[in-house]
Amino acid sequence: MLTIRRDKEIHREEGGWFSARWHFSFAHYRDPDNDAFGAMRVFNDDRLVPGAVWPMHPHQDVEGLTYVVEGSFGHEDSVGGAPGPLPAGSVQRMTLGSGALHSERNASQDEPMRFIQIWILPDTAGLDPEVEQKVFTRQDRGGRLLRVMGPEGGQVVRIHQDASVHVASLAPGDQVEHPIGEGRGAYAYLIDGQARFDGEPVATGDAAKVTGQPSLTIAADAPSELILVDVPLSFRPVGIWAGGRA
């Protein structure tokens with residue numbers, strides 16, 4: 001089943017120095033119909049003004065995943081694990097298992113910065129805090145869905161869950177297909193452009209929840225950037241999520 005979520009239907013949060021689109025319940029915002037999507041608990045599209053800093057804050061039993069859309073992404077944490085700012089196209093995973101502090105910031109004093117933040121609930125409680133990051137170029141993701149995170153690690157950033165993240169930069173006429181295993185779902189977000197998800201027209205800011213079908217076909221009608229998260233729909237919550245908060 002393909003469920004389209006239009007840009008205008010997704011919660012907008014304005015904070016002066018930041019603006020965000022929160023796709024699922026987050027902080028003070030609650031959406032009973034979109035508390036989570038399988039093992040994915042949070043999907044935020046965040047923008048920070050030049051020089052802005054999201055102050056240090058804690059999380060626990062969370063894999064915090066970042067995809068840098070534009071600008072220069074800066075990161076600080078209490079474990080000293082993130083050297084240098086990251087350019088557009090980069091990905092980062094911070095494991096916040098046993099608890100740690102971290103902050104996000106716009107590393108530029110002149111240009112805005114935009115990033116996607118995703119929380120995946122890990123398969124193990126109390127993991128040691130850790131940061132891993134990799135830089136991918138537009139050429140790397142050109143004309144295809146590029147796998148940038150997954151449980152296997154190695155050439156991709158490792159996730160401590162049977163989940164994966166894919167990004168694409170498509171030209172008009174490009175078409176890609178993502179297979180979806182049994183018991184799994186895909187969450188696709190059109191960061192920019194015009195495309196069709198299984199023939200359904202989508203535009204900048206639209207997203208789709210895909211379940212109960214073997215694949216999703218994405219066809220670009222204009223230059224398009226997108227991100228797709230593949231997750232198990234059923235899983236065993238651990239740590240602070242074991243009481244049903246997931």
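Let's start with a word we need throughout: a residue is buried when its relative accessible area is under 20%, exposed when that area is over 50%, and partly exposed in between, using a 1.4 Å probe and protein chains only. Another term: helices (H or I, at least four residues) and strands (E, at least two) are DSSP runs, numbered from the N terminus.

Now some ground rules. This is a predicted model, where local features need pLDDT of at least 70 and side-chain atom pairs count only at pLDDT 80 or more, while totals for chains, interfaces and linings use all residues. Residues are numbered from 1 along each chain as its sequence is written, and side-chain values use heavy atoms, with hydrogens and water left out.

First, the overall picture. The protein has 1 helix and 21 strands. Its C-alpha trace spans about 45 × 45 × 35 Å along the principal axes. The radius of gyration is taken over C-alpha atoms, and the globule rule is 2.2 Å times the number of residues to the power 0.38. For 246 residues, a compact globule would come out near 18 Å; this protein has 17 Å, which agrees. Of the 246 residues, 54% are buried.

Contact means heavy atoms within 4.5 Å. Take the contacts with a separation of 6 or more: 72% of them join residues 24 or more positions apart.

Next, strand E21. How many of its residues are buried? The count is 9 of 9. Both faces are covered. One side carries Ser-224, Leu-226, Leu-228, Asp-230 and Pro-232. The other carries Glu-225, Ile-227, Val-229 and Val-231.

Who pairs with E21? Two strands pair if DSSP finds at least two bridges between them. E14 runs antiparallel to E21, joined by 7 bridges. There, Val-167 stands opposite Ile-227. E16 is also antiparallel to E21, with 8 bridges. In that pairing, Ala-186 faces Asp-230.

Now the cores. A nonpolar core is a set of buried Ala, Val, Leu, Ile, Met, Phe, Trp, Tyr and Cys residues joined through side-chain atoms within 4.5 Å. In soluble globular proteins, nonpolar side chains tend to be buried together. Here, the largest nonpolar core has 28 residues. Met-40, Phe-43, Ile-118, Ile-120 and Ile-227 have the most contacts inside it. Several strands give two or more residues to this core, among them E4 (40–48), E10 (113–120) and E21 (224–232). A second, separate core has 19 residues, including Ala-186, Leu-190, Ile-218 and Leu-226.

Look at Phe-43 again. Setting aside neighbours within four places in sequence, Phe-43 is in contact with residues including Trp-22, Phe-24, Ile-118, Tyr-187 and Ile-227.

Phe-115 is our next stop. This residue lies in strand E10. Is Phe-115 buried or exposed? Phe-115 is buried, because its relative accessible area is 0%. Not counting residues up to four places away in sequence, Phe-115 touches Asn-44, Leu-48, Tyr-67, Val-69 and Phe-73, among others.

E5 and E9 pair over 5 bridges. Val-53 stands opposite Arg-105 in E9.

Last, a hairpin. E17 (residues 194–197) and E18 (residues 200–203) run antiparallel, joined by 4 bridges. There are 2 residues between the strands, and Asp-198 takes a positive phi near 50°. E17 has a covered face, Ala-195 and Phe-197, and an uncovered one, Gln-194 and Arg-196. Phe-197 has Glu-200 in E18 as its bridge partner. E17 also pairs with E20 (residues 215–220), antiparallel, over 3 bridges. In E20, Ala-220 is the bridge partner of Ala-195.
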